[in-house]
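Reader: I am new to this structure and would like to learn how to read its features one at a time. Could you take me through them, giving the general idea before each case?

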2 protein chains.
Amino acid sequence: MSIDDADAGLPDGWLERLYAPRAVAVVGASDDIRLPGGRLLQYLLNYGYAGRVYPVNPNRAEVQGRPAYKSLTELPERVDIAVVLVSAAASVGVLEQCAALGIPAALFGNSGFAETGAEGAALQEKIARIAREGGIRLVGPNTNGIIDSGNGFAATFSPVLDQKGLALRDGPVAIVSQSGAVGAAMYYDGQRSGLAVGRLYNSGNEIGVTLESVVDALLDSPRFDTVLCYVEGLRRPQRFIEAARKARRLGKRIVLLKSGVTAAGARAAAAHTASLAGEDRVYDGVLRELGVARARGYTHLLDLGRVLAAYPRPYGRAVSILSMSGGIGIMLTDALEKAGMRLAAFDANVMAGLEPLLPAFLGVHNPLDVSGGPFHHLDRLRAMLQLFDRNPDSDVTIVAVGSFERRQMEIAEVLADEARGLDKPLFVIWFGGGDAAMRFLNGRDVPCFPDAERLVQAVVPGLRGDAIRPVAPDDVEPDTAAARALLAAARAGGRKVVDEVGGKQVLRAYGIDVVSERVVDSAAAARRALEGLRLPVVAKLRSDALVHKARAGGVRLGLTSIESACAAVEDLLATARRLGLADADVVLQEQVQAGVELLLGARRDATFGMVVTLGIGGVLTEAWDDVQVRLAGGDLDVHDMLARLAHQSLLDGSGGRPRVDADALAPTVRRFARLVRDLGDDIEAIDVNPVIVHDAARAPTAVDTVIFLRDA
Amino acid sequence: MSIDDADAGLPDGWLERLYAPRAVAVVGASDDIRLPGGRLLQYLLNYGYAGRVYPVNPNRAEVQGRPAYKSLTELPERVDIAVVLVSAAASVGVLEQCAALGIPAALFGNSGFAETGAEGAALQEKIARIAREGGIRLVGPNTNGIIDSGNGFAATFSPVLDQKGLALRDGPVAIVSQSGAVGAAMYYDGQRSGLAVGRLYNSGNEIGVTLESVVDALLDSPRFDTVLCYVEGLRRPQRFIEAARKARRLGKRIVLLKSGVTAAGARAAAAHTASLAGEDRVYDGVLRELGVARARGYTHLLDLGRVLAAYPRPYGRAVSILSMSGGIGIMLTDALEKAGMRLAAFDANVMAGLEPLLPAFLGVHNPLDVSGGPFHHLDRLRAMLQLFDRNPDSDVTIVAVGSFERRQMEIAEVLADEARGLDKPLFVIWFGGGDAAMRFLNGRDVPCFPDAERLVQAVVPGLRGDAIRPVAPDDVEPDTAAARALLAAARAGGRKVVDEVGGKQVLRAYGIDVVSERVVDSAAAARRALEGLRLPVVAKLRSDALVHKARAGGVRLGLTSIESACAAVEDLLATARRLGLADADVVLQEQVQAGVELLLGARRDATFGMVVTLGIGGVLTEAWDDVQVRLAGGDLDVHDMLARLAHQSLLDGSGGRPRVDADALAPTVRRFARLVRDLGDDIEAIDVNPVIVHDAARAPTAVDTVIFLRDA
C-alpha cells in the first residue's frame with residue numbers, strides 16, 4: 001500500500017477529533033515515570049486534560065492511582081483514541097482489538113517498525129493494513145506523541161514535560177515534526193520563551209497520517225495561522241504543494257526546516273528515517289515560490305514562528321532604530337543592509353519631535369543613539385515610538401535596549417503596551433540579560449531577540465517585497481503535436497537523446513526563439529542553405545558518435561563568406577570520412593551576436609517532479625554554479641529568479657553587456673515551462689545552454705540544447 | 001597630539017596597576033543610584049573590592065554611608081585612580097588636581113567630548129594635554145568603566161550590575177570594547193552563561209589609552225589567554241597587528257567583532273565614534289592572516305570566547321556525534337559538512353564497544369542516534385564518550401541531548417566530569433530547555449549551545465587546518481634600483497600612472513614572469529622587433545590619450561605572420577594619426593596561451609596600509625568579484641588565499657583548464673608582495689590582470705598591468 005492511499009481519504013474534521021478525544025486508553029500504562037507508559041499517563045493526568053483516561057495494564061489493578069484494565073475489550077466505554085506503548089510485536093494484537101471495537105484512532109508510540117530493518121518493516125505493513133481495513137487513524141508508529149495546549153491533551157512521553165510549574169499556553173502556532181525529539185524540544189522551547197504553540201504533532205513513521213495531511217488539516221482550523229514544520233523528507237510532496245497554496249489563499253504561513261540538505265546530512269537522514277533527501281537548492285526555490293518561509297536551523301524555525309505569528313501581514317524594508325547603544329545600532333545597521341533592508345529617513349516631524357526629547361549633545365539621525373535617557377523616562381520612549389510610527393518613510397521600528405536587569409519588566413511592559421497602539425511592526429533587541437523581559441515581550445507578540453543578527457534573520461521572511469509575483473499565462477499557443485512528433489521520432493530511432501537540431505525544433509514549436517540553422521551533407525547543399533542564413537556562420541560536424549565536436553576539430557567559427565563556409569563544410573565532411581563517421585552531416589548555424597549567456601533547464605526532481613532551472617550559462621556554467629530552481633508547474637516569477645542569482649553584475653548591464661530584463665525574458669521562461677509541463681512524461685531532462693540575452697527589444701536566442709528522453 | 005604619542009610610552013605593568021588600585025576616589029559620587037556616580041560607587045562597595053574607596057562630593061558630608069570629601073586635595077592619601085563623573089567642563093579642573101597630586105590614573109566616565117562636536121573636541125584636547133603632561137593614564141573619556149572580576153574592582157556605572165546575587169567569576173577571558181553598552185552587556189551575558197570573564201575594559205574615546213594598548217597589555221598578563229574585542233574602528237592598526245603576532249607567539253587567542261562593515265553601518269559608526277570604518281573583506285583577510293578569529297555578531301563573539309578559552313589548542317575536523325535525537329544528528333551533520341568538517345569513521349573498537357551498550361534495533365553508525373538510553377544509564381554514556389575519544393580517526397566529540405528538564409543537572413555533571421578525562425574536545429548541544437545545564441557546562445569549560453548551527457559556527461575557528469602556513473622568503477633578489485628608476489622616470493614625465501609597458505618592466509625587475517613584448521613606432525621597427533617574438537602576436541595602439549584601446553579599434557588579435565603583424569602596425573599608426581594621437585606607438589605582444597586568468601593587486605587601505613589582493617581575474621573580474629586580501633607585509637599563505645576563493649571549480653583543473661597550484665603560484669605572489677613593500681611609498685595601487693596560470697611547470701604570466709603612483 002502506498003502512503004498516498006493511506007491518508008488520502010481522511011474525513012473532514014479528523015484532526016480536530018484526534019486532538020479532542022472524550023476518552024483515552026493508555027495501553028502499556030505504568031507507575032514508573034522513567035518508562036514512556038508512565039510519563040505519558042502522568043502528563044495526561046497533570047496538564048488539565050478533562051476527558052476520561054483509562055490505564056490498560058494486564059499486570060496491575062491500579063496505575064498511578066487509577067483503576068487499570070486488562071485490555072481494551074474490558075474498558076467501560078469505546079474510547080476515541082488508544083495510545084499504544086507496548087512492544088511492536090504485541091502492538092499488532094492491540095490494533096486488532098481497536099479495529100474490532102471500532103476505536104477510530106490509535107497513537108503508536110513504540111518503535112521497532114520500518115526504522116529497524118526488514119522484520120520491523122513487515123510488522124509495519126501489517127499494522128498499516130489493519131488500520132486501513134479498520135478505518136483507524138494511526139498516529140506514528142515511532143512517535144513520541146502529540147499535544148494540544150488548549151485542552152491539556154498532552155499525549156506524549158517526551159521527558160520535556162517532566163517538570164513542575166509549566167502552564168501550557170494556547171496560541172495560533174502549530175508544530176509538526178518528523179522527529180519526536182525535535183518536535184517536543186521545540187514545543188517546550190517555544191512555550192517557555194513566550195511563543196504560544198497551540199499544538200504539537202510528531203508524525204513518526206507516517207504510515208497512516210503524513211506530515212502533509214496534518215499541515216493541511218491545521219490550515220483548515222481557524223485556531224491556527226502559522227504552522228512550523230521540521231522535515232527530513234516529504235513523503236507526499238504534491239500534497240505539500242497543495243497545502244502551501246491553500247495557506248497562501250488563506251493568508252496563513254507555513255515555515256519549514258528541512259534537514260539532510262548536504263550529502264553527509266542526507267546519508268544521516270536515510271539512516272534515521274529511510275526517506276529520500278531533496279536537494280538543498282530545489283527546496284530553496286520551490287519553498288520560495290510557494291511562499292513557505294525556510295528556516296535554517298532549530299532556533300531559526302522558532303524565531304520565524306515568533307515573527308510571522310506576531311505580524312502575519314507583510315511589511316516594508318525601511319527601518320527606524322532606537323538604540324540605547326551606538327554599537328548595537330551599528331551592528332543592526334550592518335545586519336539590515338546585508339539583508340537588503342534599509343534605514344528609514346527621518347522626516348521633519350520626527351526631527352522636530354525628537355528635538356525636545358533628547359539631550360543637545362546627542363545627534364538626531366537614524367539609527368538613533370539615545371543612550372539610557374528614554375529608558376529612565378519612559379514617557380519619552382513612548383513619544384519616540386509614536387514619532388517613528390507616524391513617519392511615512394518608515395515601515396518597521398526596532399528598539400535595542402538591555403542591561404537593565406533590575407528594571408527590565410518595567411521597560412518591557414511599556415514596550416508591549418505601546419506596541420498595541422502602533423500601526424507598524426515593533427521588534428526588540430534585548431542585550432545584556434533580560435530573560436524575563438524577552439519572555440514577556442515574545443508572549444505579548446512583540447518579537448524580541450538577543451542580538452541583531454538573529455533579529456534580522458527572523459524579520460526578512462515577513463518582508464512585503466519578499467512575496468512572489470506570479471506571471472500571467474502566455475498567449476502564444478504552442479504546436480504540441482509537432483513537438484511530440486519530434487520526440488516520438490527520436491524514440492522510434494532508438495535514441496535516448498534528442499540532439500541540438502531536433503531539440504531546437506521542439507523549442508521553436510513552443511515559441512522560443514532559436515538560432516537559425518540548416519543541416520547539410522555536401523558543399524552543394526551548403527551553398528543552397530546559405531541563401532537562407534545570415535553571415536557569418538558557424539559550421540559544426542554532427543554525428544551520434546561524436547561527443548566532443550570541438551576537440552575532434554569538428555567546429556569552424558567565424559565563416560564570413562559563402563566560399564569559406566562551403567569550404568569548411570567540405571573539409572568537415574572529409575574529416576568525418578577520415579574518422580569513419582557514416583552518419584555525419586554538418587550543421588550551419590548563424591553566428592549569434594554576443595550577449596549575456598544564461599542557461600535554462602529542466603529535470604525530474606526525486607521529490608517535486610519536474611523543476612525548471614534558470615541561471616548563468618555559457619562556458620563557465622559549472623564554475624559559476626549560479627542557478628535558481630522552481631516548480632515547472634509553479635508561478636515562475638522571473639524577476640525573483642533573476643534577483644536571487646548571486647552574480648548580479650553580469651545581469652545589470654555593466655561591462656558593456658546588455659541588461660537582462662526580467663520582463664523581456666519572462667515569455668521565454670514561461671514557454672519553456674509550458675513545454676516541460678506538456679511533454680514532461682516523455683522527458684527526463686532538458687538543457688538549453690546558452691540562451692543568449694540581447695537588449696530588451698529582441699527575444700533571447702537559444703543557441704544549443706539537448707533533450708534527454710525518459711525511459712519508456 | 002596624535003594617538004600614537006598618547007599611549008606609546010605606557011610603562012610596564014600599567015594595566016595591572018590600573019585594575020588593582022589600593023585606593024580609589026569617586027569624583028561626583030552620589031546617593032542616587034539612578035545617576036552614574038551613585039551606581040559606580042555602589043558597585044565598588046558591593047562587589048568585594050577590598051581597596052579604600054573615597055566618595056568626593058562638595059555638597060555632601062556623607063555618600064552611601066561613607067564620609068564624603070569636598071575635593072581630591074582633601075583626601076587622606078594619594079589615591080591610585082580617580083574616577084571622574086562630573087560634567088565635561090568641570091572635569092578639566094579635576095584632572096588638573098590629579099596632575100598636581102601625582103595621581104597616576106583617571107577614569108573619565110563623563111561624555112561631552114569629541115563625540116559631541118567641536119567644543120567637546122577642544123575640551124578633549126585639553127584633558128589629553130593635561131594627562132600627558134601629568135603622566136596620568138587616562139581611561140576614556142566617554143567610557144562606562146572597567147571591571148576586574150578577580151578583585152571585585154567594578155568601576156562601572158552600567159546598570160547591568162544593578163542587581164542582587166551576581167557573583168563575579170574570575171577567568172582567563174578578557175573583553176575590550178569600543179562601546180561601553182556592548183562591553184558591559186557582553187561582560188554580563190558572559191558571566192551569567194558560565195563564561196569566566198576576568199576583565200572588562202570599555203575604551204571610550206581612547207585619547208589616553210587605545211584598545212590596542214589594552215589588548216597588548218592583557219596578552220602580557222599570565223591571567224589571560226583569550227581577548228575578545230568589539231571594534232568600531234582601529235585607531236592604531238599597526239599596533240594591533242603587532243599584538244596579534246605576539247598573541248600567536250604566546251599561543252593566546254584574540255577574537256574580534258568589527259562593526260560598521262557595510263556602507264550604511266560605516267555611516268552609522270561614523271556618527272557614533274568618528275572613526276574610519278575598514279572594508280569588510282580587508283578585515284576578513286587581515287584577521288585571517290593574523291590568526292585573529294573574526295566574530296560575526298554579539299552572540300558569536302561570546303561563543304568564540306567560550307570555545308577558544310576551553311580549547312586553546314587547535315583540533316582536527318573529524319567529529320563523532322552521540323545524539324539523543326536522530327533529527328538533531330542530521331542537522332548537526334548538515335552544519336558540519338557546510339563548514340568543511342566531516343564525520344569520523346567508527347573504527348572496530350568503537351563498533352565492538354558500542355554493541356553491548358545499545359539496543360539491537362538501533363544501528364551503529366555516525367551520527368550515533370542513541371535515543372534516551374545512555375541518558376538514563378549514565379555509565380553507558382561515559383563508556384561511549386571514552387570509545388569515541390580513543391578512536392584515532394576522531395578529533396572531536398559532540399553530544400546532543402535535551403528535554404531532560406528535571407534531570408538536566410545529573411546529566412550535565414556526568415558530561416563535565418567525563419570531559420576532564422578525555423583527550424579530545426567535547427562539545428554539547430542542549431535542545432529543549434536546559435538553561436541550568438548549559439550554564440553549568442559552559443562554566444566547566446565544556447562549550448554548550450542550544451542548536452547545531454551556533455555550535456558549528458563557534459567550533460570552526462578552533463580547527464587545526466584553519467591555521468595559516470607562512471611561506472618561506474624568496475631567494476630571488478629583485479632589481480629594486482631598476483624598478484625605482486622606472487617609477488621615478490614616470491613621475492619625472494609628469495605621469496600619475498605607469499602604463500602596461502613600464503609596469504611590466506617593474507614586475508620583471510622583481511622576477512615576475514611577464515608577457516614578451518616590444519614597443520615599435522613603424523612597420524620597419526615592427527619587422528625587426530618580430531625577430532625576438534614568437535608568433536602569433538597581438539598589436540595594441542598605445543597613447544596616453546587612449547583610454548579604451550579596444551573600443552577605438554586599437555587592438556589587433558591573432559596576428560599569425562610577420563606580414564600580417566607589420567600590416568597591423570602600419571594600420572594602427574594610421575589610425576593614431578587620424579585620431580591626432582601625437583604620442584602614439586604600438587605594443588607588439590606575444591599571444592599567451594589560454595589558462596586560468598587571475599588578478600593580483602595591491603592598494604593602500606585606510607586602516608592597514610598596503611594590502612595585496614589575489615583573486616579571479618580576466619574580463620569578468622567585476623562580475624565574479626571573488627578576491628582575497630592580505631597584508632602586503634604579512635605571511636601570505638597562498639594555499640589559504642586560493643582555498644578561500646568562492647569559485648573553486650575554476651581552479652581545480654576541471655573543464656579542460658589547468659589546475660591552479662598554490663606552490664607554483666606562491667613565488668609570483670611573494671615577489672609581488674616584496675615589490676609592494678619595497679616600492680610602497682611611491683605607489684598608491686597596482687593592478688595586474690590577468691595573470692595567466694598555466695600548468696604547474698611554467699610560471700604564471702602577467703599579461704597586463706597598471707601602476708598608480710602616489711601623490712608626491
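Author: What follows is a dialogue that goes from the whole chain to its helices, strands and interface. This is a predicted model, in which local features need pLDDT of at least 70 and side-chain atom pairs count only at pLDDT 80 or more, while totals for chains, interfaces and linings use all residues. Residues are numbered from 1 along each chain as its sequence is written, and chains are lettered from A and ligands numbered from 1 in the order in which they are written.

Reader: How many helices and strands does the secondary structure of chain A come to, and what share of its residues is buried?

Author: Helices (H or I, at least four residues) and strands (E, at least two) are DSSP runs, numbered from the N terminus. By that reading chain A has 25 helices and 31 strands, and its C-alpha trace spans about 100 × 80 × 40 Å along the principal axes. A residue is buried if 20 or more other C-beta atoms lie within 10 Å of its own, exposed if 12 or fewer, and partly exposed in between, with C-beta atoms placed from the backbone. Of the 712 residues in chain A, 54% are buried.

Reader: At what angle do helix α4 and helix α5 of chain A pack, and how far apart are their axes?

Author: Two packed helices are described by the angle between their axes and the distance between the axes. Axes are lines fitted to C-alpha atoms, for helices over the stretch in contact, and angles run from 0 to 180 degrees between N-to-C directions. Here α4 (residues 88–101) and α5 (residues 118–134) of chain A pack at about 5°, with their axes 9 Å apart. Angles under 35 degrees count as roughly parallel, over 145 as roughly antiparallel, 65 to 115 as roughly perpendicular and the rest as oblique; α4(A) and α5(A) are therefore roughly parallel to each other. Two residues are in contact if their C-beta atoms, placed from the backbone, lie within 7 Å, and the residues that make this contact include A:Val92 and A:Leu95 of α4(A) and A:Leu123 and A:Ile127 of α5(A).

Reader: Which residues of strand β13 of chain A lie on one side, and which on the other?

Author: In a regular strand the side chains alternate between the two faces of the sheet. In β13(A), A:Arg253, A:Val255 and A:Leu257 are on one side and A:Ile254, A:Leu256 and A:Lys258 on the other, and all are buried. Six of the six residues of β13 (residues 253–258) of chain A are buried, so the strand is largely enclosed by the rest of the structure. Two strands pair if DSSP finds at least two bridges between them, and β12 (residues 226–231) of chain A is joined to β13(A) by six bridges, the two running parallel. Within this pair A:Thr226 stands opposite A:Arg253.

Reader: What is the order of the strands in the open sheet of four strands in chain A, and why is one side of β22 and of β24 left without a neighbour in the sheet?

Author: The order is β22-β25-β23-β24 (chain A), with antiparallel pairing. In chain A, β22 (517–520) and β24 (555–559) stand at the edges with a single partner strand each, so one side of each has no neighbour in the sheet. From one strand to the next the twist averages 20°. Six bridges join β23 (residues 537–542) and β25 (residues 585–590) of chain A, and A:Leu541 has A:Val586 as its bridge partner in β25(A). Helix α22 (residues 562–579) of chain A lies across β22, β23, β24 and β25 of that chain, at about 15° to β23(A).

Reader: How many residues of chain A are in contact with chain B, and which element gives the most to that side of chain A?

Author: In this model 73 residues of chain A are in contact with 73 residues of chain B. The element that gives the most to this side of chain A is α12(A), with 10 residues. Of the 13 residues of α12(A), 12 are buried, so the helix is largely enclosed by the rest of the structure; among the buried ones are A:Ile328, A:Met331 and A:Leu332. Just after α12(A), A:Gly340 takes a positive phi of about 80°.

Reader: How many of the residues of strand β18 of chain B are buried?

Author: Seven of the seven residues of β18 (residues 396–402) of chain B are buried, so this strand is largely enclosed by the rest of the structure. Strand β15 (residues 318–323) of chain B runs parallel to β18(B) and is joined to it by five bridges, while β19 (residues 426–431) of chain B pairs with β18(B) in the parallel sense over six bridges.
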